[in-house]
Amino acid sequence: MSTTAPVPTLDALGAHPARAVAQAERPLTAGTDRYMKAAAHAVARAAVEELRGRAPAVRRRGTRPAVAGSRVLVLAGGGHNGGDALLAGALLARRGCHVSAALVTARAHPAAMAEALAAGVRVAPDPLAEAEAFAGAPGPAARAPALVIDGLTGIGASGPLRPGARELVAALLRAGGPGRRRFGVLAVDLPSGVGPDDGVLAGPVLPADRTVTFTCLKGAHLLGPAARVTGRVEVVDLGLPVPEGAPLARRPLDGELGALLRPPGSADHKYTRGVVGVRAGSVTYPGAAVLSCAAAVRTGAGMVRLDAPARVVDLVLASRPEVVAAPGRCQARVLGPGVEGSEAGWDNQVAAVLEPRGPVLPTVLDAGALAPLARLVRAGGRCGDRHVLVPHAGEAAALLTGLDRPAGREAVEADPAGAVRTLAALTGATVVLKGSPTLVAAPGEPTLLSLDAGPPWLATAGSGDVLAGVLGAVLASAEARAEQGGQTLRPEACAALAVRLHALAGALASGWAGPGTGHPVAAGDLLDHLPGAWEALRSEADRASA
C-alpha cells in the first residue's frame with residue numbers, strides 16, 4: 001500500500017481555521033480525486049497500525065500481527081471525510097479485513113462508494129443495528145482486533161451531530177471510552193461533532209484513540225475540550241498549501257522552549273540570575289508561600305524575597321533558609337498565592353502593581369490577587385502584557401462575571417479558548433488559563449499558545465502555587481537578561497516555558513509515561529524534580545540545534 005509520509009513534527013505546526021484551509025485547498029482539489037485517494041491511503045496505513053497494536057502478542061520474533069480477519073466499521077457521512085473513510089475501508093477490505101459501512105446519508109461520495117462496494121465492503125442495511133452489534137460483539141468475534149473509522153463529518157461541519165449520526169455515536173459510546181471498549185477509534189481529520197476552530201463539544205462525541213488530519217492542525221486538535229478526545233494526532237502532508245495568516249493556536253516545541261533557558265556564566269551572580277519578590281501566604285494558607293518560594297528557588301532564581309505574615313515567614317525559612325525576608329530590588333513579582341482577599345489593604349497592594357510609580361515589573365497575579373482585579377479594572381485600572389494572570393476555570397469564571405461577562409465554571413470549561421481570549425482583551429494582561437491543555441493568550445495577539453499541562457496527577461492542592469513560583473523565576477531571569485542587553489522575552493513565551501517546566505516536573509515526580517500510568521504525587525514532590533525538568537528542556541534545545 002502506498003502511503004503519504006507524515007509531517008515529522010506535530011508541535012511545529014500551527015492550527016489554522018477550517019475555512020482558511022478549505023480556501024487554500026480548493027484551487028488544487030477541484031475536479032480531482034487525487035488528494036482524496038492520498039488521504040485514504042494515509043488513513044488506511046494508520047488503521048493497519050492500530051489493528052496490529054490491538055492484536056494479541058505474537059510469540060515468534062520478527063512476525064507482525066496479521067490484519068486479515070480484523071473487523072472494521074466505517075462511519076461515513078456525505079462529505080469528503082466520508083469519502084476518505086470509505087476509500088480507506090476499501091483498502092482494508094482488500095487486505096482481508098471484514099469491513100462494514102454505516103452510512104448516515106443517501107448521498108455518499110459516489111466514486112468512493114463504488115470503490116468500497118467493488119472491494120467487498122458491506123453496506124449495513126440498518127446502520128444503528130450495525131453499530132450496536134459492533135459495540136457489543138459477543139462471542140469469538142469479540143476477540144478479533146476491531147476498529148471504528150469515524151468519517152461522519154469533517155472540518156466544514158459545525159454544531160451538534162444530526163440525529164442519525166448522533167444515534168450511531170451514542171450506540172458506540174455505550175461500549176465505554178478509550179481503554180475500556182473492545183474496539184479502537186480512528187478519526188478522519190477530527191472526531192465528528194467537535195468544533196473545528198474553537199474545540200467546543202456541542203453534543204456527544206466518540207473519543208478517538210488516534211486522529212489523522214491533513215496539511216495542518218485545526219483548532220480542535222489544540223484547544224480543549226476537543227483536544228482531550230482526539231487521541232494521538234498525526235498530520236499528513238498531501239502536497240496541499242498551508243493557509244496564510246496567523247494560526248488560531250500553536251504548541252511550542254520543547255526544544256524551542258528549552259532554548260529560552262539560560263545557564264549561568266562565570267561572570268553571573270545572584271542579581272544577574274534574577275531576583276523574585278513573593279507576596280504569598282496567610283495564617284489560613286501558609287503552605288502556599290512555602291511552595292511558591294521553593295519553586296522559584298529550584299527553578300534557578302538568584303534570590304527570592306518574601307513579604308508575608310510572621311508565621312508564614314517562619315515556616316518558609318524553616319524549609320528554605322536561602323529565602324530573604326527583607327524588602328529590596330527584584331526583577332519580577334509573584335502576588336497572591338494563599339493570600340486571603342479580605343486582608344486589610346490588599347486591594348491597594350494589587351492596585352499599586354497595576355499602576356506602579358516606577359517601571360512595570362513582570363508580575364504573576366494568582367489566586368488571592370485575582371479576587372480584587374475585576375473591581376480595579378472596572379474602576380479604570382488596566383493591566384499590561386507584563387502582568388500575567390494565572391486563573392483556573394473557576395477563577396476565570398469569577399473574573400469574567402466581575403467584568404460584566406457572566407460565566408460559570410462550566411461555561412469556561414466548555415469554551416476555554418473563548419474565555420482566555422476574552423480575559424486578555426478585557427484586562428490587557430497576558431492570561432494563562434490552567435487546564436488540559438493549558439492555554440496562554442497575549443492581549444492583541446490572534447494566536448493562542450496551547451501547552452501540554454502534564455499528567456493528571458498534577459490536579460492536587462498546591463500544584464498551582466508551584467507553577468506561580470516557577471513562572472516568577474522564569475520572568476525574573478528574562479528581565480535580568482534584558483537588563484544586561486540580552487534578548488527581551490515576551491511574557492507569553494515565559495508563561496509557556498513555565499507551564500512546560502511544571503508539567504515535566506510532574507511527569508518525573510509521578511513516573512507518568514502516558515494515560516493510566518504513574519502514581520500519586522503531592523505538590524511538594526515537584527520541587528525536587530524541577531532541576532531535572534530544566535535539564536530535560538535544555539537537552540531538547542541542544543538536540544534541536546545540533
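**A predicted chain and its sheets**

Strands β16 and β17 (residues 438–441) run antiparallel to each other and pair over three bridges. This is a predicted model, in which local features need pLDDT of at least 70 and side-chain atom pairs count only at pLDDT 80 or more, while totals for chains, interfaces and linings use all residues. Residues are numbered from 1 along each chain as its sequence is written, and side-chain values use heavy atoms, with hydrogens and water left out. Helices (H or I, at least four residues) and strands (E, at least two) are DSSP runs, numbered from the N terminus, and two strands pair if DSSP finds at least two bridges between them.

To stay with this pair for a moment, a hairpin of four residues links β16 to β17, and V432 has V440 of β17 as its bridge partner. Buried means under 20% relative accessible area, exposed over 50%, and partly exposed in between (1.4 Å probe, protein chains only).

Eleven strands make up an open sheet of mixed pairing, in the order β8-β1-β10-β18-β17-β16-β15-β14-β13-β11-β12. At the edges stand β8 (217–218) and β12 (303–307), each with a single partner strand, so one side of each has no neighbour in the sheet. Within the sheet, strand β10 (residues 249–250) and strand β18 (residues 448–451) run parallel and are joined by two bridges, and R250 has L449 of β18 as its bridge partner.

Another parallel pairing involves strand β5 (residues 146–151), which is joined to β6 by four bridges; D150 finds its bridge partner in A187 of β6. Five of the five residues of strand β6 (residues 184–188) are buried, so this strand is largely enclosed by the rest of the structure.

V74 lies in strand β2 (residues 71–76) and is buried, with a relative accessible area of 0%. Leaving aside neighbours within four places in sequence, its contacts (heavy atoms within 4.5 Å) include A85, L86, V99 and I149. G485, in the loop between α17 (463–483) and α18 (491–510), is exposed, with a relative accessible area of 66%. From G485 to L128, 357 residues away along the chain, the C-alpha separation is 66 Å.

Taken as a whole, the protein chain contains 19 helices and 18 strands. Its radius of gyration is 26 Å, close to the 24 Å that the globule rule gives for 546 residues, so the chain is as compact as a globular protein of that length. That radius is taken over C-alpha atoms, and the globule rule is 2.2 Å times the number of residues to the power 0.38. Along its principal axes the C-alpha trace spans about 80 × 55 × 45 Å. Of the 546 residues, 53% count as buried. Among contacts between residues at least 6 apart in sequence, 74% join residues at least 24 apart.

Note on methods:
Contact means heavy atoms within 4.5 Å.
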